Every structure is written in structure tokens, then in C-alpha cells.
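Here is a short note for a reader new to this entry. Please look over the structure before going through the numbered points.

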2 protein chains.
Amino acid sequence: MNLKEFSRLVGLSQTTVSRALSGYPEVKADTRERVQEAALKYGYHPNRSATGLATGRAGAIGIVFRGSSEFGPHTSEFMGGLGSRLEADEIDILISTVENQEEEHATYRRLAASKRVDAVVVHSPVIKDDRVALLNELGLPFVMHGRTESEQPYAFLDIDNYGAIKRATSHLLDLGHRRIGFINGLKGRTFAEHRDQGFRKALAERAVEPDLALFGNGEFTDEAGYRFMQVFLSNPQPPTAVLAGSMMSALGAMRAIRSTGMMLGRDISLVAHDDVFSYINADNMVPTVSTTRSSIRAAGARVGEFLMQVLSGKKLDDINEVWPVELVLRESTGPAPLQLASVG
Amino acid sequence: MNLKEFSRLVGLSQTTVSRALSGYPEVKADTRERVQEAALKYGYHPNRSATGLATGRAGAIGIVFRGSSEFGPHTSEFMGGLGSRLEADEIDILISTVENQEEEHATYRRLAASKRVDAVVVHSPVIKDDRVALLNELGLPFVMHGRTESEQPYAFLDIDNYGAIKRATSHLLDLGHRRIGFINGLKGRTFAEHRDQGFRKALAERAVEPDLALFGNGEFTDEAGYRFMQVFLSNPQPPTAVLAGSMMSALGAMRAIRSTGMMLGRDISLVAHDDVFSYINADNMVPTVSTTRSSIRAAGARVGEFLMQVLSGKKLDDINEVWPVELVLRESTGPAPLQLASVG
DNA sequence: CATGGCAATTGAAACGTTTCAGCACGGTGA
DNA sequence: TCACCGTGCTGAAACGTTTCAATTGCCATG
């Protein structure tokens, strides 16, 4: 069923039918109604390739995942939010997976040149992310989830990683902790650097010297969390508190803590960053886990909104937000234990 | 840059250029080479909408997610595999999220009518899944991840859920366990029913009566795992072993077990189904967890392969596989404890 | 009663490919 | 020498939309 056939069926020209369906004003109200009913009845939907060719719009936005390993739990949650927003405008999400940076750039070029998507979401940025320049050169609109350093204006949504970790760290310091372990994300990623700065700033404000032996940078997996925590705990002066970058890391860290027989919230404190996964809940842990919390799903939805704004031509400088992060205190944090052992 | 302009640049007709790039044989070898080099140099990529319009192919496959909550860790892993396979043929993945079944059907109709995708992946089937009939009626090719009952032939990839759980249960029975808890997936889903059958069959073979109080059906989340396990443990005759449907459920179940002070692998045994997530590893748990294991990422890649076969016109009856599932024994399983308490 | 203007509609060009049908050219067999 | 064939190329139709420019009635205005 194509437009020609369909418009003959309803007894109107292709032009009028097309306009009726796309909501143009110069069609009489009851004509429009008649057309829309007929479309439903005959199951007519404009061919997307033809529409795309005629309008120059693809009706889809793209996301490129580097190394399919990047496709983790954070991703799914984000995509859920993004999809729920774009669905409203019948915009689809187009996924590409690539193995390395070279391939990634080639993919952006292909997406742009073949006009396969109208815009892309850029995620996991590093401090100076070359994708901003590349995409601008290609003329491919984008919204970044996260931030980077750039002279060129760009649209982004980020959370206040700096403030979140600074606040969490300050709170641990308030509780008397002086040796604090920090399981952070991959080195180079903006969010990890921001968290690092927040952490150091909080320490500096109390004149506490950071100890590099209590820093860990890696993926947010259960395994990495376990490994880092083990290293921290085997330190001659083990930390009395630890910050975990995600609930996954926290699970691993808790496991390491438990296996030493220490009690969380009494012998050692833990604050984890919680991206709010439906299937893992800080409130359900034993003990419940204190968190810095920000819904990554909500972020996905907001990025979808930003994409629509970018495509509508809104000024890029006006399309950005940095969301504050909640600090939720639960049972896993408590006053620093008296360090009798380390006095001797 | 379009074909007309590009072909003028290389001094050939549009026809020849198009053929050179698409690998048709009636082009001289060095002409082809010259064209391909030029394409790279000028960054020419055929417009996807135009190609789609001319060929009738969309160059994309679709997946519909019901309630964006379905977008969980299993999904991401599966998509990673799927993407890595489809990437090879420059086929993109198009994602739609819908809120309910009605909307889902409408989306399939839209995808089919607007020729937006060449095929779809159908996942999480129920015993009698109406999507087979719908998609056949719409003429939209598909590959199912899982199985359903259908008179019409269809392509699918599934794992042997029945055999996996039967084997795991038999093993627990061998170890002397007689009361076994079972945290299963959502009622109605084929995989959950198959597992249920495998479980009951194993019990029946040893003439052990199943106890409905030790059955749980729900989502595979940490929370649900915890809740079910708590219920099991508060039973007057608590189980001495438990099967968990996923690593997520297992995490929750382990938490519940731990909070009673029981020791896993000695006081109570656990076997979990492991879909092989990169960020949660059964080998890293304390104690390490015995699992029935099958890589959902590998399944994604295989489904991608099947999609290509379906599109190439291969007979549907010849496109299906049921993968065997490994049983990996680790520390979380051990002989049933002597039930001194229950003797009295 | 002619004129202009407005509302509703239409014909046809344009979008950028693929591919059918056809053409030029040189070589081969009779 | 001529018909025939295969190789390598080209012109133009077709795909299904959107949208510009034009057309038809009809009503109000002077």
C-alpha cells in the first residue's frame, strides 16, 4: 500500500493526503479526519525511506558503542529512558557497535554521509574529547552525556560528579575518617576526573593528605570492586571508609570486606554511587548502603529531550544541564572506629 | 556529495559507479579500484534513504522492548553480541520501546508498513506467543530468541532450559538434598516453564514430591531473589538447596542466606543460572557459585547470523538451534546437611 | 458586475539511489 | 569480409514520498 494507491482509495490527491496525515493546516478539518480514519483502516504508513529521501530527515538518532563491552547495565538503563522520550516523536534509536576508536570515527562519517541518523548521542567522554570536533566537522548534530573541554559550543547533560564526591567525602571526614579508599572509574574519563577532583578537594579542605595506595581506577564491575578493596585492606594502614563508583563496584567491595570478617557501617564505612538500577537496590542490601544517587534513566529521557531541541535549531549554548546529586545516608556509613592498633 | 556529483568527479556514469561500489561483476577491476579509492577520498557514502527506496531494503533490523523495564542486563549483553555480528554486514539495529502489548503490536505494524526494518528479533516469548502469527501476517521476517508453540514454521535460537535445570536438580538430589527451593522467572514465559518442567521431572524421577511453598516466580532482580529466599528460609521445613534463575536473583538469595548466619555450600547449597555477564562473575563470589552457564552474548551473535539467513531466503525450518547448557560445579554446592533438627 | 482575496485542493518536480535495456567496441569464427 | 559475441560502459525509468507553484470555486468588496 503506497500513497498513490491509498489516495485513490480515499478519493483525494496525494498532496492532500500527505498533508492531512502530517498535520498541515491548509486541509479542511473533516477531510483530515476522513483521511486519518482511512489510514488506520487500511494500515497505511508512509514508507520511511521515501519520506527520508524527500525530507532529508532520517527519523532516527544514533548511538555508537565502543567495544561491545561498553554495553553494560548503565547503558541499558540510559537507553530505556532515551527510548521512552523519543518514542513520543516516533524517532527510532539506531545502534552501532565498533571495536576501536578508528572504527568509531569511520562509523560517524558513514552515519553522517549516508544521512542514516539525524543526530547522535555521545557518551563516556574523556577530558578532551575529539568527537566534538569530528562531529561538528561532519555537521552531525549531537548531545553529549557527560562533559568535555571544548572551545566549540555543544549540548550536554551531566551530573555534578565533582560536587557529589566532594560532599560524600566531606561527610566521611565529618565522621572522623581520615583514611578513605576510592574506587573510581577509568582514568581519563571526564566523570572519573571530576570525581577525583571532588575527592581531593574535600581532603584538602581538611588538610588530609591523599594516599595513592588508596586509589583505584577501573571498570565498574563486581570483580574490579573486589580486587581494589582487597588491595586497600591489605595495606598496612587500611582505610576506615571507602567510596565506590557504582553499585557493581560496591557489591565487589562489600564481598571483600565481608570476607575479612569486618562489619560494614561499624568497622568500615562505604558510600557508593547509585545510578538507580531497577534490579539492584541500595535499600535492600545488608546493611543498607549509603549512596550518592542520580537516575541514569531520567538522564536518558532528558538527553532525548535535548536531542529534539538541537534538531529544532535551538542555540547549543542554551542546551545543557548539570544535575545535582543526592547524598542518601543509610547503614553502611558510621563514625570512624578508634584506631587503637595504629597508635602503637 | 551525491552520486551524480561523485560520478562526474571520477568521470564515469552513475550506473558504473554504483555498480563498482556494490561489487557487481560487470565492471573492470581497475575501474572498480579507482572508484573505491575516490569514494574513500571524497567520503562518499550512498544515501541510505535513497538506497532503501530503490532497493526496498532498509538495512536495519528491529527490536521492540516492552515496558522500558525490560531493558535489563540480559538485554545489553544480548545486544552486544547481536551488534557485533550485524556490524559485519553494515546492518544497524533499531530499537523501539513500548509500554504495553497493544502498543507493541502497533509498533510491529508500523515497522512493517513503513518498511523501516528488514526483520525483527522477538524475545521473551510466552508459551503460545501471538507474535508469530502477527509477524507472519505482516510479512515481517523474524528470529525468535527462545521458543513458543506454533504450527507455522519460524526461526529460533534457544538454550536447553529444561535439560539445564533437570541436570542441576538431579545433581542436588545426588548430593542428598530433598527440599529444594526454586527461584524461577516470570510465569508464562517459555523459558520459565521449561525450567519448571525440568525441575519437576528431576524430582519425579526420584519420587520427591514438589512443595509449592518452595517455588517463586518473578523478575530476575536482586530484590526478588532476596524476598523469595527469605520466604523459603522462614518455612518450617526450609530447603537445604536452592536454584536461582539468574546471577541477579542469586545475589539476593545469597544475601538472605548470609543474614541468617548460614554458610553457603555447607549449610545450604546454591546453583544459579549464569548468562555470563562481564561485570558479575560466579568465580569471584565468596564462596564461588555453581552455575548452569550459557553465554547470552554468544546467543546474540548467533541470532544475528540467523537473521541474515532468514533474509537470504533460507528455509525457516532449517534455521533453529537449541544450545546445551553447561553445569559448572563450584563451592556453593555440597552434600545435604544431616537434618538433626527435623528428626525430632 | 468585474476584481481581488481566501480556502481547499491538485499536478508535477525533486530527493538520490538501483537497475533494466541498450550501445560501442574489439575480437573471433566461418 | 561479415555476422556474432562478450566486455565494459551509459541513459533513463522506477522507487514513494514531500512540497512548490498553480488552479478552482466561492465570497466579499467597490
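**Notes on the structure**

1. B:Gly59 counts as partly exposed because it has 19 C-beta neighbours inside 10 Å (buried means 20 or more other C-beta atoms within 10 Å, exposed 12 or fewer, partly exposed in between, with C-beta atoms placed from the backbone). The model is predicted: local features need pLDDT of at least 70 and side-chain atom pairs pLDDT 80 or more, while totals for chains, interfaces and linings use all residues. Residues are numbered from 1 along each chain as its sequence is written, and chains are lettered from A and ligands numbered from 1 in the order in which they are written.

2. The loop between H4 and strand E1 (60-66) of chain B holds B:Gly59; helices (H or I, at least four residues) and strands (E, at least two) are DSSP runs numbered from the N terminus. Apart from neighbours within four places in sequence, B:Gly59 is in contact with B:Arg48, B:Gly52, B:Glu90, B:Ile91 and B:Asp92 (contact: C-beta atoms, placed from the backbone, within 7 Å). B:Gly334 lies 275 residues from B:Gly59 along the chain, and their C-alpha atoms are separated by 51 Å.

3. Between the chains, 50 residues from chain A meet 51 residues from chain B. On the chain A side, helix H4 (48-55), helix H5 (73-87), strand E2 (92-98), helix H6 (101-113), helix H10 (222-233) and helix H11 (247-259) each supply at least two residues. H5(A) gives the most, with eight residues.

4. E2(A) pairs with strand E2 (residues 92-98) of chain B in the antiparallel sense, over three bridges (pairing requires at least two DSSP bridges between the strands). Which residue of E2(B) is the bridge partner of A:Ile95? The partner is B:Ile93.

5. DNA strand D has 26 residues around it, of which A:Leu3, A:Ser18, A:Ala50, A:Ala54 and B:Ser13 come nearest (near: C-beta atom, placed from the backbone, within 6 Å). Helix H1 (3-10), helix H2 (14-22) and H4 of chain A, with helix H2 (14-22) and helix H4 (48-55) of chain B, each supply at least two residues of this surface.

6. The axes of H1(A) and H2(A) come within 9 Å and cross at roughly 95° (axes are lines fitted to C-alpha atoms, for helices over the stretch in contact, and angles run from 0 to 180 degrees between N-to-C directions). The two helices H1(A) and H2(A) are therefore roughly perpendicular, the term for 65 to 115 degrees. A:Leu3, A:Lys4, A:Phe6, A:Ser7 and A:Val10 of H1(A) make the contact with A:Gln14, A:Val17 and A:Ser18 of H2(A).

Notes. Two residues are in contact if their C-beta atoms, placed from the backbone, lie within 7 Å. Angles under 35 degrees count as roughly parallel, over 145 as roughly antiparallel, 65 to 115 as roughly perpendicular and the rest as oblique.
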